[in-house]
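Here are my notes on the model, as numbered points. Please read them with the structure open.

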Amino acid sequence: MIAIVDSGSTKSDWVVLENDFEEVFRANTIGFNPYFINSEEIEQELRKNEDLMGVAERLEKVFFYGAGCSSESLRKVVQVAFDKVFVNAKNVIDHDLKAAAYAAYDGKPAVVCILGTGSNSCYFDGESIYEATPSLAYILGDEGSGNHLGRELVKAYFTNKLPENLHKAFDERYNLSIEKLNKNVYDNKFANAYLATFSRFVADYKSEPFIMQIIYRCLSDFFYAQVLPYPQIKEAEINFIGSVAHYYEDTLRAVAAEYNLRVGEIVTKPINNLVRYHKQYLSN
């Protein structure tokens with residue numbers, strides 16, 4: 001029995017399969033980003049999930065692809081917890097960029113981008129993954145992400161840039177004070193996920209001209225910072241993973257067209273494609 005896991009900063013999607021890839025069940029946990037959660041907390045969260053604990057000792061392999069798992073020391077945070085819970089399994093901990101590359105792969109080299117709570121990009125030729133720029137995470141980077149969209153909305157609200165109708169709608173939905181905001185941003189290890197929650201307001205009002213400008217600006221920043229550095233972009237497709245890419249597909253394609261670039265596949269939830277890739281390319 002094996003498990004394949006795609007984990008962002010907010011949530012993790014699990015698929016448990018027999019060794020012949022017949023699906024047994026699916027599960028969800030919070031995201032296990034080692035920048036924001038430690039080994040003990042990961043172990044506690046895993047043990048809360050009755051479905052996973054019911055098969056914990058039967059699992060032979062666990063393939064975990066997670067946001068933040070970009071270095072050996074960060075992967076170790078997750079590894080320690082998984083080795084304590086899935087004691088009979090070979091636990092393989094890797095970066096979510098690899099999951100994105102696998103999920104978007106259709107036999108052709110491509111630039112692959114993640115646009116979810118956070119953002120990132122890579123070039124995948126079918127064998128090797130190459131990053132033109134490092135991820136600078138939610139304070140210095142994450143352009144175009146849910147975190148970025150939420151951050152820009154909140155800034156516009158508190159600096160009185162929102163049009164009156166949007167300011168009123170924001171007030172009614174959140175009743176947010178600067179004190180509460182600062183506590184949730186500066187005294188909260190999940191500040192990136194907190195800021196990303198405001199992107200739901202952006203999605204709800206995405207037809208408003210002011211909100212359209214925020215979306216366009218954030219996605220333009222993403223292309224400038226995380227897509228244009230790849231020399232392969234003129235020839236390769238640019239594939240996207242994540243809910244932000246899905247919700248703002250029209251704007252995404254418009255921004256790409258401004259740069260004379262070609263957007264290929266947009267995958268909202270990569271877990272299905274990730275399972276398919278494992279079955280097709282990694283099952284032997």
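1. An open sheet of five strands has mixed pairing and the order 3-2-1-4-5. Strand 3 (23-30) and strand 5 (90-95) are the edge strands, each pairing on one side only. On average, neighbouring strands of this sheet are turned by 15° against each other, direction ignored. Strands pair here if DSSP finds at least two bridges between them. Strands (E, at least two residues) and helices (H or I, at least four) are DSSP runs, numbered from the N terminus.

2. The model is predicted: local features need pLDDT of at least 70, side-chain atom pairs count only at pLDDT 80 or more, and totals for chains, interfaces and linings use all residues. Residues are numbered from 1 along each chain as its sequence is written, and side-chain values use heavy atoms, with hydrogens and water left out.

3. Strand 1 (residues 2-7) pairs with strand 2 (residues 11-17) in the antiparallel sense, over six bridges. Ser7 has Ser12 in strand 2 as its bridge partner. Helix 14 (residues 271-281) packs on the sheet and touches strand 1, strand 2, strand 3 and strand 4. Its direction makes about 140° with that of strand 1. Axes are lines fitted to C-alpha atoms, for helices over the stretch in contact; angles run from 0 to 180 degrees between N-to-C directions. Contact means heavy atoms within 4.5 Å.

4. Helix 3 (residues 72-85) lies across strand 2, strand 4 (61-66) and strand 5. It runs at about 155° to strand 5.

5. How many salt bridges are there? The count is 14, with a side-chain nitrogen of Lys or Arg within 4 Å of a carboxyl oxygen of Asp or Glu as the rule. Lys11, Asp13 and Lys269 are linked in a network of them.

6. Glu45 forms a salt bridge with Lys48, with the closest N and O atoms 3.0 Å apart. The two are three residues apart in helix 1 (residues 39-48), so about one helical turn separates them. Glu45 is partly exposed at 21% relative accessible area, while Lys48 is exposed at 58%. The classes are buried under 20%, exposed over 50% and partly exposed in between (1.4 Å probe, protein chains only).

7. Arg173 forms a salt bridge with Asp204, the closest N and O atoms being 2.8 Å apart. Arg173 lies in helix 7 (residues 164-174) and Asp204 in helix 10 (residues 199-204), so the pair ties together parts 31 residues apart in sequence. Arg173 is partly exposed, at 38% relative accessibility.
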